[in-house]
Amino acid sequence: MNRKEFIKLTSLTSGWIVAGGMGTFLNSCRKDNVMMRTAIKVKEGSFSKALTFPGLLNKGASLTSFATVAQLVGEKSTSVWTYNGSCLGPTIEINKGDNFSTKYINELSEESVIHWHGLLLPSDMDGHPDNTVFPGNSFDYNFPIIQRAGAYWYHPHTHMKTARQVYMGLAGFFIVRDSEELSLNLPSGANEIPLAIQDKRFFHDYSINYNPTMDDVMTGYLGDAIIVNGTFAPYHEVKAEWYRLRILNGSNARIYNLNFSNGNTFYIIGNDGGLLPAPIQATSVLLAPGERCDLLLDLSSGNIGDEIYLQNNVFNGDNFQGADSFKILKFKITQKGSNSFTLPSSLSLINPIQVLPTTFVRNFDISNASGGAHAQHGAGSGMMEHKINGKAFDMKRIDAVVNAGDTEVWHFDNSMGNEPHPMHMHGVQFQVISRTGGRSQLFPVEGGWKDTVLVMAKEQVKVAVTFPNYKGKFLMHCHNLEHEDSGMMINFEIQ
Ligand code: C2O
Ligand code: CU
Ligand code: CU
């Protein structure tokens, strides 16, 4: 490591003291990696602050985005941007078949717009950056919930400002319920725990001012502190019972390899688009930005006093991610269990989308291999570009026209690329049908219905999608939000 790189490294740790001193720090730099600045070592806190949960948004209530302060680290104040004053924003819960409506009021000093990630909805309700809501203005969202139960979410989608606005605190859960899911009697109430995992960089004064360098734009903005539902290093008291954890990776760019410190087996029951056909036993799950995982954790044989951490293990990522392990959240068993639960053997019926040899395959080169990722963006912006099929996003350009009701295969080709890209489509749920190169397999958590799929370096991933009968303009993009904001997005039009 030369001196310049070393200075860069140390400046990234800002006000934080690196646990274990510089030795640990240097060891975390990968030897095979020429870009030694990669090791933004994640540090753990003391897990002494209680996890909190956002309140529910009342039916028909409005959502207002504004700047305020929140206590993310202990009792320290951090300036954040919120929906209705809470960081994470209020949870929306709604039944399939109901109508959702809210007035969005923008009290930020910049434009914004709300996107309902994972929902099937009319184009003009989807929060396209074209439908921006200016400061002091409002917009009425109103659409029917026509899809199955699942943990969806909402966040801004402002032109070239999505990353900043999400990072500053704007995001929330959007939970859809239906009768199929209810009939399974899954753990509910206090035993159903929504967890939004995000990473931040806190400076000396606990501010999280978003100011990515060109390197950050290339890798995505990786934090060195993990917050869950807006709290750094939280603990949560549980009973010795079954729990349902509904995990959202709401980070701008960080991928997590989640597991439990006791090596506990858990059961994956759902993902982006709701329940899987049957529970899948697992000991870890890889979750990219935008993805969700619904899992059941059996703590019924635990003892009072047991402490179990939800944590990240090393994984084979790229030069910037996957290098270190860290704890995220502590569960403390403080009470004996009282309710019993039996894991259902099946959960839901998933009809595979019919893919025929004649099904149209649409190719998207996401390798950014032709220097795109390193090229300068427009005048003075200092931004790098990420591209799809050699082009950076243009709000007015339609990159793909598809027919309502048609099935297509969308092929995300990262075979020449060096970066992971979690690819996301708006307005649809798709099925992942193949992965070649790289990890060369599909994973249990990629079954069922998905709206975001991780395409690691060297991989080619195909998804099957049938377009709903909502005509108009939708987006497909990389959910590494720095990649998205720097151009890695297209418009597709359903006609
Ligand atoms: Cu959650 Cu277009 O994104
Ligand atoms: Cu989305
Ligand atoms: Cu990307």
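What share of the 495 residues in the protein is buried? Buried residues make up 58% of them, where buried means under 20% relative accessible area, exposed over 50% and partly exposed in between, with a 1.4 Å probe and protein chains only. The model is predicted, so local features need pLDDT of at least 70 and side-chain atom pairs count only at pLDDT 80 or more, while totals for chains, interfaces and linings use all residues. Residues are numbered from 1 along each chain as its sequence is written, chains are lettered from A and ligands numbered from 1 in the order in which they are written, and side-chain values use heavy atoms, with hydrogens and water left out.

**Figure 1. Overview of the protein.** The protein has six helices and 30 strands; helices (H or I, at least four residues) and strands (E, at least two) are DSSP runs, numbered from the N terminus. Among contacts between residues at least 6 apart in sequence, 77% join residues at least 24 apart, a contact being heavy atoms within 4.5 Å. The accessible surface comes to about 18,700 Å², and carbon and sulfur atoms account for 50% of it; accessible areas come from the Shrake-Rupley method with a 1.4 Å probe, and for residues only the protein chains shown count as cover.

**Figure 2. The copper ion (ligand 2) and its protein donors.** His-115 (NE2) and His-424 (NE2) are the protein donors, lying 1.9 Å from the ion. They come from distant parts of the chain, 309 residues apart, with His-115 in strand E6 (residues 114-117) and His-424 in strand E25 (residues 421-425). Donors are N, O and S atoms within 2.8 Å of the metal (3.2 Å for Na, K and Ca); water is not among the atoms, so sites may look incomplete. His-115 counts as buried because its relative accessibility is 0%, and His-424 is likewise buried, with a relative accessible area of 0%.

**Figure 3. The copper ion (ligand 3) and its protein donors.** This ion has His-421 (ND1), Cys-478 (SG) and His-483 (ND1) as protein donors, at 2.0 to 2.2 Å. Along the chain these donors follow the spacing H-x56-C-x4-H. Both Cys-478 and His-483 are buried.

Figure 4. Glu-110 sits in the loop between strand E5 (99-106) and E6. Glu-110 is buried yet has no salt bridge, and the nearest side chain of opposite charge, Lys-161, is 4.5 Å away. A salt bridge is a side-chain nitrogen of Lys or Arg within 4 Å of a carboxyl oxygen of Asp or Glu; Lys and Arg count as positive and Asp and Glu as negative, with His and the chain ends not counted. The side chains of Glu-110 and Gln-165 are joined by a polar contact of 2.7 Å. A polar contact is a pair of N or O atoms within 3.5 Å; within protein, one must be able to donate a hydrogen and the other to accept it, and residues adjacent in sequence count only if both atoms are side-chain atoms.

**Figure 5. Two residues with positive phi.** Asn-185, not a glycine, has a positive phi of about 50 degrees and lies in the loop between helix H4 (179-182) and strand E10 (192-200). Asn-185 counts as exposed because its relative accessibility is 59%. Ala-233 has a positive phi near 50 degrees, in the loop between strand E12 (231-232) and strand E13 (234-239). At 5% relative accessibility, Ala-233 is buried.
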